[in-house]
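Let's take a walk through this structure together. Have the sequence and the 3D view open as you read.

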Amino acid sequence: MDLGLTEEQEMLKKSAQEFLAKECPKKLVRELDESDTGYSRDLWNKMAQLGWMGLSFPEKYGGNGGSFLDLTVLLDEMGYNIVPGPFFSTVVLAGYTLLEAGNEEQKKEYLGKICTGELIITVALTELDGTYDAASINTTAKAKGDGYVLNGTKLFVPDANVADYILVVARTKKSANPDDGITIFIVDAKSAGVKYTLLKTLARDKLCEVILENVRVPKAHIIGNLDKGWSVIQSLLKKAAVAKCAEMVGGAQASLDMAVNYAKERVQFNRPIGSFQAIQHYCANMVTDVDGSRFITYKAAWAVSEGLPADKEVSIAKAWTSEAFKRVAVLAHQIFGAIGFTMDHDMHLYFRRAKAGELAYGDADFHRDIVARQIGL
Amino acid sequence: MDFKFTAEEEAFRQEVKDWLKANIPPRWFELTTGYWQETDESWKIARAFQKKLGVKGWLAPAYPREYGGADLGHIKRLILAEELTYHNAPVGVETEITVNWVGMALQHFGNEQQKKDYVSRVAKGDIVFCLGYSEPNAGSDLASLQTRATEKGDEYIINGQKIWCSYAHYADYCWLAAVTDPDVPKHRNMSMFVVDMKTPGITVRPLINILGCHSFNEVFFDDVRIPKENLVGEKNNGWFQLAVALDFERSGVQTAAGNQLLLDFLVGYAKSTKRNGRFLSEDPALRNELAEMAIEIEVARMLCYRIAWIYKTGGHSNYESSMAMLFGSELLRRMTDVGMRVLGKYGQLMNGSKWAIGQAEIARSYLASLSIGVGGGTNEIQKNIIAMRGLGLPRK
């Protein structure tokens, strides 16, 4: 048992902290939150130069050959600084789908360009009922000539507004088992018939509606096997859930740090409010949530990284961290009092993301259901 | 990072499991003695078992071999503690106090003679200590204790009252905190002593706990004369010694393992019991609650594992121990509450009732859970420690 980071991971963590403190100040976060693109090309290029996009991908595709656990360390820090932009979509969602299911040619082309920062790619999975269930996939892909024609509406697609390509999860066959007959296509976002609309969301993250209307896709753009895409998505959802937990752990840590610092400085009744037991006990609850979330998240990330089944670990992490980050953010707001309720203050940036993080890749109820099955119920 | 145990550690876990299966007497399970539910019979069985454990070196696994320990590493101790609890072995608060508090403190602060006199006997399971810490007016504010130890000739004369002394009616010795210099401020006025419980002037009076059992006592000291050499460590340095003793390694993994035991029982019950025409395990609300408990047990376990890992890597845990205790004890209360809901109206039946589920473990744990989170430092004190020592929040 070793619960510590490696020397390289410590270095990565430290350099990410230093880089983001300088390059991703809250002023930029606010600007990007309020913008339509939601990302800064300049910051994106700098992150690519640091090798972040390819951190956990094999060297033969231009990556650094790191592990999923290395990426977890980075996402933890990105969550701490709430870095806006399509990093998660491109690296976690698209990158790992391509790595797992793409053929050599596709990996060289798309994963290679993800690693260099040249391409932004996202995954269009969820549809109108907003679940992560195979039965909810109603977007159709019908064979025509040597390609397919896609029709349907995707909802809650992150960063489609800036994506070069979209990995579309579509139904190629109707069958009694909804898991069967799902195929993943890589679609040029500029293809005729692809239309996106930015959704106005609580976290001001860039989720989109993507309408596909008679979008023609060549056969060669199938990622993985025809009709067998759902197992790829299931595997992806596990990684995405843990990766989101890593961001949330970072966000929770930041909320705690901000609140504790404030409690040490803010004076009422001639003493710092952090000397009052009510505030101290809030902080004790918060750090317990932060530490607990971090350990179970890293345990799940480790299991994923090692290629273990990890279903239980992942769902434990996502169920707990989803709730824990919210609790921490609410208590942090309580400690900040009225000032935290303003747009000028940074706290709302975290409070919003706590809710968005909870809703992504299965909320606590969704994952508790999986845990129930895992413990034999 | 690596969250798995080594092959050698797994083999050790198996060795412990096998040994426990072979060595816990069946009668112990018939008695189903939970926390704070000792009887004279269960106490005898427990003491005999602890001696066996002592021969194996597993009663005080952290102690050096010369004192009867096994010199076990931190991770193996963690595994041993986990399995002892999960198998409901006859070890409890008395071993925690005697081995991990008193025996460790004696090794730290005792002189050579004291180490020789007591430490090996602790490790072998030959003697049991009770704690003489709390007083009627010194609970969480322990430094306000008033029991006096007055130096006179070759002796100290002790006068005062202690309370919540677990198993004082069985204990061989009391590990006593008493004021030795009333003229200086708190924190610099008291010392630690070993007191033979057979010394004249000691009166032990039972306090019957919420389960109707006799575990706690009031202990009265009336002109109790003890030899001077029973002072442990420096005179008036007791508070420091107490504070150091609080930092001795305690992973607290017993709480996680105890919760796991309850959860496994409830999952088995839910899968085999029908209510309203369907198995309880098919009830979405109960599934959700039991899954939440499985999740929280995993959190609790990791917070405990962290402590062992901190020590393994040469560190020292302080607020981390408080966090593990805080989380584990609150979890036990939630766990037993969920358990009562799973059992429905049957949950309220106590052992002895013919309709009780199992041996009413859930109902008894529901009552017993109140003590965890109070004894050994209340959860509020743990939160103070986390906030001030862990997060650096100001005292004033």
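## How two helices cross

In this predicted model, helices α1(A) and α4(A) make a right-handed crossing. Helix α1 covers residues 7-23 of chain A, and helix α4 covers residues 68-80 of chain A. Their axes come within 9 Å and cross at roughly 25°. Angles under 35 degrees count as roughly parallel, so α1(A) and α4(A) are roughly parallel to each other.

Which residues in α1(A) and α4(A) meet? From α1(A) come A:Q9, A:L12, A:K13, A:A16, A:Q17 and A:L20, and they meet A:D70, A:V73, A:L74 and A:E77 in α4(A). Sorted by class, this contact has five nonpolar, two polar and three charged residues.

## Where the two chains touch

Now look at where chain A and chain B come into contact. Chain A brings 37 residues to the contact and chain B brings 38. On the side of chain B, the elements giving two or more residues are α8 (253-272), α9 (284-312), α10 (319-343) and α12 (379-390). Helix α9(B) gives the most, with 14 residues.

What kinds of residues does chain B use to touch chain A? By class, that side of chain B has 24 nonpolar, five polar and nine charged residues.

## The domains of chain B

Chain B is divided into domain 1 (7-91), domain 2 (130-236) and domain 3 (249-390). Between domain 1 and domain 2 of chain B, the C-alpha centres lie 29 Å apart.

Four residues of domain 1 of chain B are in contact with five residues of domain 2 of chain B. The domain 1 side of this contact has two nonpolar, one polar and one charged residues.

Technical notes
Residues numbered from 1 in each chain as written. Chains lettered and ligands numbered in written order. Predicted model: local features only at pLDDT ≥ 70, side-chain atom pairs only at ≥ 80, totals over all residues. Axes fitted to C-alpha atoms, helices over the stretch in contact; angles between N-to-C directions. Helix = DSSP H or I, 4+ residues; strand = E, 2+ residues; numbered from the N terminus. Parallel < 35°, antiparallel > 145°, perpendicular 65-115°, else oblique. Left-handed = near helix turned anticlockwise from the far one by under 90°. Contact = placed C-beta atoms within 7 Å. Nonpolar A, V, L, I, M, F, W, Y, C, P; charged D, E, K, R; others polar. Domains from an automatic or database assignment.
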